[in-house]
Amino acid sequence: MSQLSSKSGLKQGVIDGLPLLGGYIPVAISFGVIAVQAGFSTLEATLISIFIYAGASQFLLVAMVASGAPLWLAVCMTLLVNVRHVVYAPNLVPYLPQSKAWPYLMHGLTDQIFALAHTRLPLMDDAKKVDWFKGVSMVAWLSWIVGTALGGIAGDSLTQQWPILDSVMPFALPALFLVLLAPKFSSKLWSATLLVTMTAALFLALSAFKNAAIPLAALCGAITFYFLTSHVERKQSHAR
Amino acid sequence: MHVDIWIAIVVAAIGTYALRVGPLLWTQRHFNKHKANNTEARLPAWLSVLGPLMIAAMLGASLIPKVPSAASWIATAIGTVVTVVVWRKFKSLGLPVFCGVLSFGVAFGIALV
């Protein structure tokens, strides 16, 4: 992280975005395969990835459309899965310098870009932030688009020929989240809160509430955080 | 593909973008108003707590292997430990992720054999 100041914003953004490729490309290939199997053409699947650009909700939308579910319901469910995004931008605003580019760049604000930006932007010069965001989000967006197109054209044979792509590379995402979160484990309060949140997410994602795992686990974490904070405050007031 | 399906996709795309950009514009306006009044703007405490919690939740959910099995869970545990150890040593971004994925792959391969 000490190298942050020595590179241009764009270059640093591209470099920081590279670990995302391991997670994005295999999932995007899967999306391309599933969309084509559901009756969409490769071009249509790629256009969905260009314009919606939100992993889990794209799978849901395509599956619901293919199953003949009412379209209004498919759209509502897509937006419901994506509603977690509303907390991302406000958490970044304190670190964003004035620029007219930010509203346009928000199309690229995925879960992973938020996690990276939330950790990297506070350490960066204001002058580099817009370019950094452009670099990192472009790497992610392009990999998602190219992965979808590849999946639509040759997904099945690709994953059969390169099984490592499907089974090993996706570990890049939890590894990245782990690195981004690691500095937070320096305090007992945060360590306990984050462990509860991670465990809750793990079990919720294994359960029937897979699509709601992230917001529900974050809610569990928030309750833990406030419970522990008030417990510590109560202890301190008793000690006085 | 039917036009109504395309309309649904366009609405979903616009809605998703609105969910990302709307809160940005609202928060920026809130911060700018404080700046104009020479007062310090702060995020509500609950909102700033939610940021790291969302990352932790994404971590928890993404730890589940694509095809859960004893081999993939062991590989996940080893990959996690290696990622943390390398991060503690180098405090960088790319190297711990690379070593984590590599150790996951090696452990997964060995566990399968």
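Biologist: Which residues have the most contacts inside the largest nonpolar core?
Modeller: Phe177(A), Ala201(A) and Ala57(B), in a core of 102 residues. Such a core is a set of buried Ala, Val, Leu, Ile, Met, Phe, Trp, Tyr and Cys residues joined through C-beta atoms within 7 Å. This is a predicted model: local features need pLDDT of at least 70, side-chain atom pairs count only at pLDDT 80 or more, and totals for chains, interfaces and linings use all residues. Residues are numbered from 1 along each chain as its sequence is written, with chains lettered from A and ligands numbered from 1 in the order in which they are written.

Biologist: What does Ala57(B) touch?
Modeller: Leaving out residues up to four places away in sequence, its contacts include Thr197(A), Ala201(A) and Gly221(A). Contact means C-beta atoms, placed from the backbone, within 7 Å.

Biologist: And how many residues of chain A are in contact with chain B?
Modeller: 74 residues of chain A, against 58 residues of chain B. On the chain A side, helix α10 (residues 172-181) gives the largest share, 10 residues. Helices here are DSSP runs of H or I, at least four residues, numbered from the N terminus.

Biologist: Other topic. Why does Trp102(A) count as buried?
Modeller: Because Trp102(A) has 21 C-beta neighbours inside 10 Å; buried takes 20 or more, exposed is 12 or fewer, and partly exposed is in between, with C-beta atoms placed from the backbone.

Biologist: Where does Trp102(A) lie?
Modeller: In helix α6 (residues 102-105) of chain A. Beyond four places in sequence, Trp102(A) is in contact with Leu96(A) and Leu24(B).

Note on methods
Two residues are in contact if their C-beta atoms, placed from the backbone, lie within 7 Å. Helices (H or I, at least four residues) and strands (E, at least two) are DSSP runs, numbered from the N terminus.
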